[in-house]
Amino acid sequence: MNAEEWVQHFAREIGVDAPSPEDFDAVLRLAAAAAHSSERTAAPVASWLAGQAGRPIAELAEIAQELEAD
């Protein structure tokens, strides 16, 4: 099972919609920025925070990439 399939199955199990391909990519960009500009453990925590923010994931990925550039 690849990552996209796993996420689709997990989303079904927890009763939420799986991310669109664009949102999937944005989550990966956010996680990569967090992992590359800090410790790798920042990636899952930043992703969790993004889920709590109630803002578009693409916007949050941009913010994370800006922090990476600092």
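1. Start with the core. Eight residues form the largest nonpolar core: Ala 26, Leu 30, Ala 33, Ala 50, Ile 57, Leu 60, Ala 61 and Ala 64. H2 and H4 are the elements that contribute two or more residues to this core. H4 gives the largest share, four residues. Keep in mind that this is a predicted model.

2. Next, helix H2. Helix H2 runs over residues 21–37, 17 residues in total. From first C-alpha to last, H2 reaches 24 Å. That is close to the 24 Å expected at 1.5 Å a residue.

3. Which residues of H2 are buried? They are Phe 24, Ala 26, Leu 30, Ala 31, Ala 33, Ala 34 and Ala 35. What do these buried residues pack against? Their partners are helix H1 (3–14), helix H3 (42–53) and helix H4 (57–69). An α-helix has 3.6 residues a turn, so residues three or four places apart point the same way.

4. Look at Ala 33 on H2. Ala 33 is one of the buried residues of that helix, and it also belongs to the largest nonpolar core. Setting aside neighbours within four places in sequence, Ala 33 contacts Ala 64, Gln 65 and Glu 68.

5. Is Ala 64 buried or exposed? Ala 64 has a relative accessible area of 13%, and buried means under 20%, so Ala 64 counts as buried. Not counting residues up to four places away in sequence, Ala 64 touches Leu 30 and Ala 33. Ala 64 and Ala 33 lie 31 residues apart in sequence. In space, their C-alpha atoms are 5.8 Å apart.

6. Helix H3 can be checked for length. H3 has twelve residues, which should span 16 Å at 1.5 Å a residue. The end C-alpha atoms of H3 are 16 Å apart, so the two values agree. Just after H3 comes Gly 54, with a positive phi of about 70 degrees.

7. Turn to the largest pocket. This pocket holds about 490 Å³ of space. Its lining counts 13 residues. Nearest its centre are Pro 19, Asp 23, Val 27, Ser 47 and Ile 57. Ile 57 is also a member of the largest nonpolar core. H2 and H3 each supply at least two lining residues. H2 provides the largest share, five residues. By class, eight lining residues are nonpolar, three are polar and two are charged.

8. The second largest pocket holds about 230 Å³ of space. It too has 13 lining residues, and those closest to its centre are Ala 46, Leu 60, Ile 63, Ala 64 and Leu 67. Leu 60 and Ala 64 are core members as well. H2, H3 and H4 each give at least two residues to this lining. By class, eleven of these residues are nonpolar, one is polar and one is charged.

9. Then there is Gln 8, found in helix H1. How accessible is Gln 8? Its relative accessibility is 41%, so Gln 8 counts as partly exposed. Gln 8 and Ala 18 are ten residues apart in sequence. Their C-alpha atoms are 5.3 Å apart in space.

10. Finish with Asp 17. Where is Asp 17? This residue lies in the loop between H1 and H2. Exposed means over 50% relative accessible area, and Asp 17 has 74%, so Asp 17 is exposed. Asp 17 and Ala 61 are 44 residues apart along the chain. Their C-alpha atoms are separated by 19 Å. Ala 61 is part of the largest nonpolar core.

Technical notes: Residues numbered from 1 in each chain as written. Predicted model: local features only at pLDDT ≥ 70, side-chain atom pairs only at ≥ 80, totals over all residues. Heavy atoms only, no water. Expected span 1.5 Å × (residues − 1). Buried < 20%, exposed > 50% of the residue type's maximum accessible area, 1.4 Å probe, protein only. Contact = heavy atoms within 4.5 Å. Core = buried A, V, L, I, M, F, W, Y, C linked by side-chain atoms within 4.5 Å. 1 Å grid on protein atoms, 1.4 Å probe; cavity = no way out; pocket = protein on both sides within 12 Å on 5 of 7 lines; lining within 4 Å. Points joined across faces, edges and corners; volume = space filled by probe spheres on them. Nonpolar A, V, L, I, M, F, W, Y, C, P; charged D, E, K, R; others polar.
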